[in-house]
Amino acid sequence: MKYLAAAALLLLAGCEEQYRYFCQNPDNFHAERCQKPRCQFTQTCPEYLVAPILEKQIEQTKPAAEPTPVR
C-alpha cells in the first residue's frame, strides 16, 4: 500500500497546467498569432478554444481601437 501511495505522489508531483494550443493559454491571448485574421486559418483563435467562462478575459485583453485621425 505504501508503494502505491509513493507512486501516486510521484505522478502528482509531475503535474502542471499545460495547454494543448498556444492560444488556449490566457497569458497568450494578446499574442499576434492569437489575433484575427491570423488565427482564423488554423482555427486557433482564443474564442474557439476556451470555455465560455473565459470569454470575458478574452474581451479584456483585446487592444483598444486607435482613434481615427481627423483631417
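**Figure 1. Salt bridges in the predicted model.** A search of the whole structure finds 2 salt bridges, a salt bridge being a side-chain nitrogen of Lys or Arg within 4 Å of a carboxyl oxygen of Asp or Glu. This is a predicted model, in which local features need pLDDT of at least 70 and side-chain atom pairs count only at pLDDT 80 or more, while totals for chains, interfaces and linings use all residues. Residues are numbered from 1 along each chain as its sequence is written, and side-chain values use heavy atoms, with hydrogens and water left out.

**Figure 2. Close-up of Glu32 and Arg38.** The side chains of these residues, Glu32 and Arg38, form a salt bridge with an N to O distance of 3.9 Å. Both Glu32 and Arg38 are exposed. Here buried stands for under 20% relative accessible area, exposed for over 50%, and partly exposed for values in between (1.4 Å probe, protein chains only).

**Figure 3. Close-up of Lys36 and Glu47.** In the salt bridge between Lys36 and Glu47, the closest N and O atoms are 2.9 Å apart. The pair links distant parts of the chain, 11 residues apart: Lys36 lies in the loop between helix H1 (2-13) and helix H2 (38-42), and Glu47 in helix H3 (residues 46-49). Helices (H or I, at least four residues) and strands (E, at least two) are DSSP runs, numbered from the N terminus. Lys36 is partly exposed at a relative accessible area of 46%; Glu47 is also partly exposed, at 28%.

**Figure 4. Backbone at Pro37 and Gln43.** The peptide bond that runs from Lys36 to Pro37 is cis, and its omega is near 5°. Pro37 belongs to the loop between H1 and H2. Gln43 is not a glycine, yet its phi is positive, at about 60°. This residue, Gln43, is located in the loop between H2 and H3.

**Figure 5. Arg33 and the ring of Phe22.** The charged end of Arg33 sits over the Phe22 ring, at 3.9 Å from the ring centre. For a charge to sit over a ring, NZ of Lys or CZ of Arg must be within 6 Å of the ring centre and within 35 degrees of the ring normal.

Figure 6. Asn25 is buried, with a relative accessible area of 17%. A polar atom of the Asn25 side chain lies 2.9 Å from the backbone nitrogen of Asp27. Asn28 counts as buried at 16% relative accessibility. Apart from neighbours within four places in sequence, Asn28 is in contact (heavy atoms within 4.5 Å) with Phe22 and Cys34.

**Figure 7. The whole chain, for orientation.** The protein chain has 4 helices and 0 strands, and its elements follow the order α-α-α-α from the N terminus on. Of its 71 residues, 20% count as buried. Among contacts between residues at least 6 apart in sequence, 24% join residues at least 24 apart. The accessible surface of the chain is about 6,500 Å², and 57% of this belongs to carbon and sulfur atoms. Accessible areas come from the Shrake-Rupley method with a 1.4 Å probe; for residues, only the protein chains shown count as cover.

Key:
A polar contact is a pair of N or O atoms within 3.5 Å; within protein, one must be able to donate a hydrogen and the other to accept it, and residues adjacent in sequence count only if both atoms are side-chain atoms.
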